[in-house]
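Please read it alongside the sequence and the coordinates.

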Amino acid sequence: MSDLQFDKAEYESVDCAVCRGPLGSPYWMAGPSRVCAGCKTRIENELAAPIPLPRVALAAVAGAGVAVGGAVLWALIQQATGYQLGIVAIAVGWAIATAMRKVTHQGSRLLQVLGVFFVYLCTSLAMIPEVASAGGEGVVSWIIAVPVAFAMPFLMWSGGLSSVLWYLIVFFGL
């Protein structure tokens, strides 16, 4: 108990989370980690560098795969419950972003736009079975269902309060 004192603050030394060198003053936060000035500059340069095209293409393939898988899952949930659960769009959006980020190891505006496109693709693909079943049976109803399903978020605007809720769900999902 005798080593407790309240007159003077004592700080333990903290090292840079990246290079393990002395942190110095001032320091910066990179996510939850403290970094020194040199590492801050290096991280900023890495993030500003353009993502190589092969990695963007790989991220697009990963995002498209997750979008198609999410659409199948969402369509199955719709068929099983009879409800369009908007939380699925949010979960699929998170899964798409995670898959694309794991492939590229960084983010960019291009990847964000691709992610939004893939979430929209997922929500539209998930509506195809519902739209096709409303159109009757046969191949023609499925062929017509594809463009109608992609236009469906815009066609739902005439639904009053439910359409406002739908747009909020789509907005947060995207």
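Glu44 counts as partly exposed, with a relative accessibility of 42%. In this predicted model, Glu44 forms a salt bridge with Lys40, and the closest N and O atoms of the pair are 3.2 Å apart. Both Glu44 and Lys40 belong to helix H1, which covers residues 37-48, and they are four residues apart there, or about one turn of the helix. The count of salt bridges comes to one.

## Overall architecture

The protein contains six helices and two strands, and read along the sequence these elements follow the pattern β-β-α-α-α-α-α-α. Of the 174 residues in the protein, 28% are buried. The exposed surface comes to about 11500 Å², of which carbon and sulfur atoms supply 69%.

Where contacts in the protein link residues at least 6 apart in sequence, 53% of them join residues at least 24 apart. Ala64, in helix H2, is 55 residues from Val119 in sequence, while their C-alpha atoms are 9.0 Å apart; with a relative accessible area of 24%, Ala64 is partly exposed. Pro54, also placed in helix H2, is 50 residues from Thr104 in sequence and 9.5 Å from it in space, C-alpha to C-alpha. Pro54 is exposed, its relative accessible area being 63%.

## Nonpolar cores

The largest nonpolar core has 18 residues, and those with the most contacts inside it are Ala67, Trp74, Ile96, Met100, Phe118 and Cys122. Helix H2 (53-81), helix H3 (86-104) and helix H4 (109-134) are the elements that give two or more residues to this core. Apart from this core lies another, of six residues, which include Val131, Ala132, Ala145 and Ala149.

The surroundings of Cys122 can be given in detail: leaving aside residues up to four places away in sequence, Cys122 touches Ala67, Gly70, Ala71, Trp74 and Val92. Thr123 is found in helix H4 and, with the same exclusion of residues up to four places away in sequence, touches Trp74 and Ala89. Thr123 has a relative accessible area of 6%, and because the limit for a buried residue is under 20%, Thr123 is classed as buried.

## Cysteines without a disulfide

How many disulfides does the count give? The count comes to zero. Cys16 is in no disulfide, and the nearest cysteine sulfur, that of Cys39, is 3.6 Å away. A disulfide requires a pair of cysteine sulfur atoms within 2.5 Å. Cys19 is likewise in no disulfide, with the sulfur of Cys39 as its nearest cysteine sulfur at 3.7 Å.

Accessibility is given for both of these cysteines. Cys16, at 0% relative accessibility, counts as buried, whereas Cys19, at 43%, counts as partly exposed.

## A positive phi at Arg20

Most residues other than glycine have a negative phi. Arg20 is not a glycine, yet has a positive phi of about 65°. Arg20 is placed in the segment before strand S1 (28-30). At 60% relative accessibility, Arg20 counts as exposed.

## Confidence of the prediction

Which element of the protein has the lowest confidence, and which the highest? Confidence is lowest in helix H6, residues 161-173, where the mean is 65, and highest in H2, where it is 91. Over the protein, pLDDT averages 82, and 86% of the residues score at least 70.

These values can be set beside the features described above.

Definitions and conventions. Residues are numbered from 1 along each chain as its sequence is written. This is a predicted model: local features need pLDDT of at least 70, side-chain atom pairs count only at pLDDT 80 or more; totals for chains, interfaces and linings use all residues. Side-chain values use heavy atoms; hydrogens and water are left out. A nonpolar core is a set of buried Ala, Val, Leu, Ile, Met, Phe, Trp, Tyr and Cys residues joined through side-chain atoms within 4.5 Å. Buried means under 20% relative accessible area, exposed over 50%, partly exposed in between (1.4 Å probe, protein chains only). Contact means heavy atoms within 4.5 Å. A salt bridge is a side-chain nitrogen of Lys or Arg within 4 Å of a carboxyl oxygen of Asp or Glu. Accessible areas come from the Shrake-Rupley method with a 1.4 Å probe; for residues, only the protein chains shown count as cover. pLDDT is the predictor's confidence in each residue, from 0 to 100.
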